[in-house]
Amino acid sequence: MKKQIQINGTPIGEIQIGSPAVIMEGELTRRTSTVLAIYAESKSKLVFETRNTVYFLQYPEKAAPGSILSGGKALSRKLTAFHSGGCQS
């Protein structure tokens, strides 16, 4: 079973399958391993999986410019590498 981490922060740029995610947590920057799947997203949360970890990202009250937030109120299902036929090399 993969490690699961709950973090509070703001994504820098778009979190997308096939690339690492970069997240600002206060004054710290976290760079993840390659994103494999994005499971759910709302205005306040994002759930995604990397090679090593499943992240439960909680956005701060005021999101920083450049972050991506969806317009939905509830968590929505997102496309994963599994559903799209695998990871790109």
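Biologist: What makes E49 count as buried or exposed?

Modeller: In this predicted model, E49 has a relative accessibility of 15%, and buried means under 20%, so E49 counts as buried.

Biologist: Why is K2 called partly exposed?

Modeller: The relative accessible area of K2 is 27%, which lies between the 20% limit for buried and the 50% limit for exposed, so K2 is partly exposed.

Biologist: How do you know that the side chains of K2 and E49 meet in a salt bridge?

Modeller: Their N to O distance is 2.8 Å, and the definition asks for a side-chain nitrogen of Lys or Arg within 4 Å of a carboxyl oxygen of Asp or Glu, so the pair qualifies. Because K2 lies in the segment before β1 and E49 in strand β5, the pair ties together parts that are 47 residues apart in sequence.

Biologist: What makes E25 and R30 a salt bridge?

Modeller: Their closest N and O atoms are 2.6 Å apart, which is within 4 Å, so this pair also meets the definition. R30 is partly exposed, with a relative accessible area of 25%, and the structure holds 2 salt bridges.

Biologist: Which residues make up the largest nonpolar core?

Modeller: That core has 12 residues in all, including I5, I23, V35, F48 and L57. Among the elements that give two or more residues to this core are β1 (3-8) and β4 (28-41), in a chain with 0 helices and 7 strands.

Conventions:
Residues are numbered from 1 along each chain as its sequence is written. This is a predicted model: local features need pLDDT of at least 70, side-chain atom pairs count only at pLDDT 80 or more; totals for chains, interfaces and linings use all residues. Side-chain values use heavy atoms; hydrogens and water are left out. Helices (H or I, at least four residues) and strands (E, at least two) are DSSP runs, numbered from the N terminus. A nonpolar core is a set of buried Ala, Val, Leu, Ile, Met, Phe, Trp, Tyr and Cys residues joined through side-chain atoms within 4.5 Å. Buried means under 20% relative accessible area, exposed over 50%, partly exposed in between (1.4 Å probe, protein chains only).
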